[in-house]
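Please look over the sequence and the model shown here, and then read the report that follows beside them.

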Amino acid sequence: LHLIPLPALADNYIWLLHDDEGDAIVVDPGDAEVVEAALSLRHLRLRAVLLTHHHPDHVGGAASLQQHHAVPVYAPVDERITSATERVGDGDRIELASPAVRFEVRAIPGHTLSHVGYLGNGLLFCGDTLFSLGCGRLFEGTPAQMLSSLGRLAALPGATLVCGGHEYTEANGHFASQIEPDNELLQVRRQQVAQLRADRQPTLPVSLASELATNPFLRVDTEAVTAWCRRRGVIGDRVARFAAVRAAKDVFNG
């Protein structure tokens, strides 16, 4: 299987996964034209579309792709996603013959209440829940919901490749360094990211193991993040620590 992040819109990634026989799926196609161009260039046949949540920059091209290719569109149960042909929820499984892929659906609310992720083939398509060195804003969910969702993802094997929905890594790394300035692995990751972006290359996918070592939103139980919270008068539980870090990121302008 070949995994390709397709840049789209301002800073989105549409994920294209295809086999050597020319069969493909896409995840979160916010722009149908980007997908059509990629399919044509690589001589691929679209077989399915997977959607993680209802925001237009993730679903905007799904209806056109469904109409032109007559493929199933898998999406969470959310009436705001009108292009869905197959509704999925936590624990459901998706199995396709061409390409030969199997995904387990994980409910990961927080960014939105109906947000799901797709886990399979060593890949995690997590939309706007988990980014490299960051996480999604809480547009609909609570800090407790998002922290629980991130905890589910953090428990996956470290070799899992995180396929987030946006190229936010460089900015996220700047903020993460405010939380953990002495995290050496974070500084190494930031240097890698700076070089990738200078070369106009994507910073995703990234291993979950890397994120566990560098992403402050996955590290709310570490001494470093706890100390950062304590210095700001946050003495509460891990949900309070997560909420404090998320609130700080919301207003960070660095």
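T203 is found in the loop between helix 6 (184-198) and strand 14 (206-207), where helices (H or I, at least four residues) and strands (E, at least two) are DSSP runs, numbered from the N terminus. This is a predicted model, in which local features need pLDDT of at least 70 and side-chain atom pairs count only at pLDDT 80 or more, while totals for chains, interfaces and linings use all residues. Residues are numbered from 1 along each chain as its sequence is written, and side-chain values use heavy atoms, with hydrogens and water left out.

**Around T203**

With a relative accessible area of 2%, T203 is buried; buried means under 20% relative accessible area, exposed over 50%, and partly exposed in between (1.4 Å probe, protein chains only). Apart from neighbours within four places in sequence, T203 is in contact with Y13, E167, T169, R189, V193, L196 and R197, contact meaning heavy atoms within 4.5 Å. The side chain of T203 also makes a polar contact with the side chain of E167, at 2.7 Å; such a contact is a pair of N or O atoms within 3.5 Å, and within protein one must be able to donate a hydrogen and the other to accept it, while residues adjacent in sequence count only if both atoms are side-chain atoms.

| Partner of strand 2 | Sense | Bridges |
|---|---|---|
| Strand 1 (residues 2-8) | antiparallel | seven bridges |
| Strand 3 (residues 23-27) | antiparallel | four bridges |

In these pairings L16 of strand 2 stands opposite I4, and L16 also stands opposite V26 in strand 3. Strand 1 and strand 2 form a hairpin with three residues between them, and L9 in the turn has a positive phi of about 55°. The hairpin of strand 2 and strand 3 has four residues between the strands, and there G22 takes a positive phi near 95°.

Note on methods:
Pairing = 2+ DSSP bridges.
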